[in-house]
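The structure comes first, and the description follows.

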Amino acid sequence: MEKSFPVLETERLKLRRLELTDAETVRLLAGAEEVAATTLLIPHPYPEGAAEEWIRHTQVEGAEGKDYTFAVTRLTDSLFLGAISLHINLAHNRAELGYWIGVPYWGQGYATEAAKRMLKFGFEELTLNRIFAGYFVNNPASRRVQEKAGMKYEGARRQDVLKRNVYLDVGFCAITRDEYIASLLFN
Ligand SMILES: CC(C)(COP(=O)(O)OP(=O)(O)OC[C@H]1O[C@@H](n2cnc3c(N)ncnc32)[C@H](O)[C@@H]1OP(=O)(O)O)[C@@H](O)C(=O)NCCC(=O)NCCS
């Protein structure tokens with residue numbers, strides 16, 4: 001039987017499964033140049049039908065437990081703010097955290113609040129051993145999100161990705177299960 005997709009809450013947010021009814025909002029928010037500029041996989045201009053295709057993909061991967069992609073929504077009025085995911089590597093019991101927030105909602109702590117909840121989900125419910133995240137080094141806001149969520153900077157891979165004909169350095173932050181447990185005991 002298919003497992004039901006989790007719903008996670010924080011003080012201000014509800015993280016839930018993406019639905020096809022989110023497609024128009026995804027197209028508008030993920031279609032912004034500012035969001036495409038600092039992500040690897042979001043196309044720009046955002047093609048017709050790409051939101052629906054992506055949402056279906058997240059639903060299939062979620063049902064298989066390979067990738068948990070959540071819509072980040074505001075608790076008070078269900079407003080769709082962005083998306084956040086854990087991409088699972090079963091062999092090493094680790095996951096990569098990825099996220100984007102729509103431009104009108106930047107700078108209000110939403111990415112950090114969602115990231116913290118994802119770490120709790122990853123360690124406490126998925127019993128992962130390690131969660132890491134990458135960011136283009138010209139995107140300091142993303143590194144800040146990772147560090148505020150409790151991840152530690154581990155270094156950068158030089159010229160790791162080719163984005164718009166430019167090789168970009170990618171920084172990485174991570175947190176291990178031991179560090180997560182220690183943070184619960186000492187905070
Ligand atoms: C990166 C992103 C997710 C941040 O979302 P957000 O909800 O605005 O993040 P938060 O409000 O939780 O935190 C942002 C932090 O970055 C800081 N910040 C913003 N711009 C910054 C800059 N140019 N230099 C340094 N820090 C910066 C903010 O001040 C804040 O830190 P603070 O709370 O200490 O003041 C959002 O900008 C985004 O979606 N960008 C496009 C997609 C993307 O880059 N995704 C991540 C791919 S790795």
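The text below takes up the ligand site, then the sheet, then some backbone details.

This is a predicted model, in which local features need pLDDT of at least 70 and side-chain atom pairs count only at pLDDT 80 or more, while totals for chains, interfaces and linings use all residues. Residues are numbered from 1 along each chain as its sequence is written, and side-chain values use heavy atoms, with hydrogens and water left out.

**Ligand site**

The ligand sits in the largest pocket. A pocket here is an open set of points on a 1 Å grid over the protein atoms alone, where a 1.4 Å probe fits, with protein on both sides within 12 Å along at least five of seven lines. A molecule sits in it if more than half of its atoms lie within 2 Å of its grid points. Elements giving two or more residues to the shell around the ligand are α2 (33-37), β5 (94-101), α4 (110-125), β6 (130-136) and α5 (140-148). Helices (H or I, at least four residues) and strands (E, at least two) are DSSP runs, numbered from the N terminus. The most residues come from α5, which gives six.

There are 23 residues around the ligand, and Thr-38, Gly-107, Thr-112, Arg-144 and Lys-148 come nearest; a residue counts as near if one of its heavy atoms lies within 4 Å. By type, the shell has eleven nonpolar, nine polar and three charged residues. Nonpolar means Ala, Val, Leu, Ile, Met, Phe, Trp, Tyr, Cys and Pro, charged means Asp, Glu, Lys and Arg, and the others, Gly among them, are polar.

| Residue and atom | Distance to a ligand oxygen atom |
|---|---|
| Ala-111, backbone N or O | 3.1 Å |
| Asn-139, polar side-chain atom | 2.8 Å |
| Arg-144, side-chain N or O | 2.8 Å |

Taken alone, the ligand exposes 960 Å², of which the protein buries 71%; areas come from the Shrake-Rupley method with a 1.4 Å probe.

**Sheet**

Eight strands form an open sheet with mixed pairing, in the order β1-β2-β3-β4-β5-β6-β8-β7. Because β1 (8-9) and β7 (152-163) stand at the edges with a single partner strand each, one side of each has no neighbour in the sheet. Two strands pair if DSSP finds at least two bridges between them.

Strand β4 (residues 80-89) pairs with β5 in the antiparallel sense over eight bridges. Ile-84 has Tyr-99 in β5 as its bridge partner, and Ile-88 stands opposite Ala-95 of β5. Four residues lie between the strands of this hairpin, where Asn-93 takes a positive phi near 50°. On to β6, the pairing with β5 is parallel, through three bridges; Arg-94 has Arg-130 in β6 as its bridge partner.

**Backbone details**

The peptide bond from His-44 to Pro-45 is cis, with omega near -5°. Pro-45 is found in the loop between α2 and α3 (50-63). Ser-78, although not a glycine, has a positive phi of about 65°, and Ser-78 is found in the loop between β3 (67-74) and β4.

Key:
Polar contact = N/O pair within 3.5 Å; in protein donor to acceptor, adjacent residues only side chain to side chain. 1 Å grid on protein atoms, 1.4 Å probe; cavity = no way out; pocket = protein on both sides within 12 Å on 5 of 7 lines; lining within 4 Å.
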